[in-house]
Amino acid sequence: MLDNLNEEIVSFKETAIMQIANFGRKYQLESGNYIYPAWFGEGDTSTSNLINNKTIEALNQGKTFYTYQNGIPQLRLEISNYMNKVFKINTKPEHHSVVTGGMMGLRLICDLIISDGDEVIMVGPVWPNIRSSVLLRKGNIKEVALKLIDSEWKLDFEKLLDSITHKTKMVFVNSPGNPTGWVMSKKQQEILLNHVREMGCWLISDEVYHQIMFNENVSPSFLQLSKPSDRLIVINSASKSFNMTGWRIGWITHPEELGSHIAKLVQITTTGVPEFLQNGLISALQNYKILTKEVRQNLKKSRDIMFARLVNWKQVECSVPEAAFYAFFKVKGIEDSLEYAKKLIIDTNVGVAPGIAFGESGEGHLRICFAAQESFINEVMDRLEPALN
Ligand SMILES: Cc1ncc(COP(=O)(O)O)c(C=O)c1O
């Protein structure tokens, strides 16, 4: 039967995060032991009623029809108000398109830009779905890897610049980064943007964690440096800032002339984000100050609880992240992080993401999501300590 399907899809590998989650879920069923899930990138707090109530209201008002492909005008206006306020920029509603989560934003952009064999430069280690979206379009990925030096993730910036040439089609930067929490500085953004302008390629900046910063309000955005003529697309999401992972809603900021092409791609994929969900995002953006303050405070507390212990563990080398919500650390002596993560499930009943999921440069590392209650973090750390300390 399988030989009669699209061979590229059949042979496409699931990510190592999915592999470990499937392994953990199966093991839980078979063994009857509860497996503590810290493999995915989401918190355990459900969405605020400030958002839910507006959505329910919209449903009750009958907002249940096909909708605008780029998003309803009220939401595009609200997004542009929000972006202009938090980044002190000057965008119009036409610069933003609503998409079915940051994930769909990434897929649509890869569809729009990449053809067979196109060169894509990425800063890694990086969230696996980004890599998969490029590979599905048969892009040719070249990674410039961050290195953990003196407990800090560092980028060989010259190497990144050198790797971007006239042959490059797309440069992909995710800052604040998943899994490392690394943040590209404003100065580096400026130099990179200038270089990309010279080379004539696209710059895709995934800024879905822009609100999850522990020292500042928001992370620096390329949009603060860009001109309308720049080939710059910024991916954003409601998932992380507003505890809305299951809603599947986000937005992309793009040159105005791309709007109609994005609309075509939305039409033949999701046909648009349900209008009642878009009303929920309007409320999230209107109340962003209260909502993100709470999210950030809770995450900072969780981070501090986890890292107070992790930094002292003998087998571990880590950097305390100033952004996002992951502990991504090197474990001495491990060569196969997927096998090691499976062993941890069996030995400790904790499910963590294997570093290899984030590319070759992630091998030898593990990722734990710390967007969780104190009791969960303590339990996970108590269980992992004998193996990692
Ligand atoms: C770096 C990065 N980009 C994009 C996404 C996609 O977010 P969503 O599709 O939930 O909006 C994620 C989710 O984990 C992520 O970590």
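Predicted model: local features only at pLDDT ≥ 70, side-chain atom pairs only at ≥ 80, totals over all residues.
Colleague: What makes S15 a mostly covered strand?

Modeller: A residue counts as buried if 20 or more other C-beta atoms lie within 10 Å of its own, and five of the five residues of S15 are buried, so the strand is called mostly covered.

Colleague: Why are S12 and S15 said to pair?

Modeller: Pairing requires at least two bridges, and strand S12 (residues 326-331) and S15 have five bridges in the antiparallel sense, so they pair. Leu 366 in S15 is the bridge partner of Phe 329.

Colleague: How many bridges join S14 to S15?

Modeller: Two bridges join strand S14 (residues 353-354) to S15, and the strands run antiparallel; because at least two are needed, this also counts as pairing. Here Arg 367 of S15 is the bridge partner of Ala 353.

Colleague: Which elements do the buried residues of H13 pack against?

Modeller: They pack against several elements, including strand S15 (365-369) and helix H11 (288-310), and the buried residues of H13 are Ile 377, Val 380, Met 381 and Leu 384.

Colleague: Where does the kink in H13 lie?

Modeller: A kink of about 25° lies at Asp 382, shortly before the proline Pro 386, and the 15 residues of H13 (residues 374-388) reach 20 Å from first C-alpha to last, close to the 21 Å expected.

Technical notes
Residues numbered from 1 in each chain as written. Helix = DSSP H or I, 4+ residues; strand = E, 2+ residues; numbered from the N terminus. Expected span 1.5 Å × (residues − 1). Bend = angle between axes of the 7 residues up to and from the residue. Buried ≥ 20, exposed ≤ 12 C-beta atoms within 10 Å, placed from the backbone. Contact = placed C-beta atoms within 7 Å.
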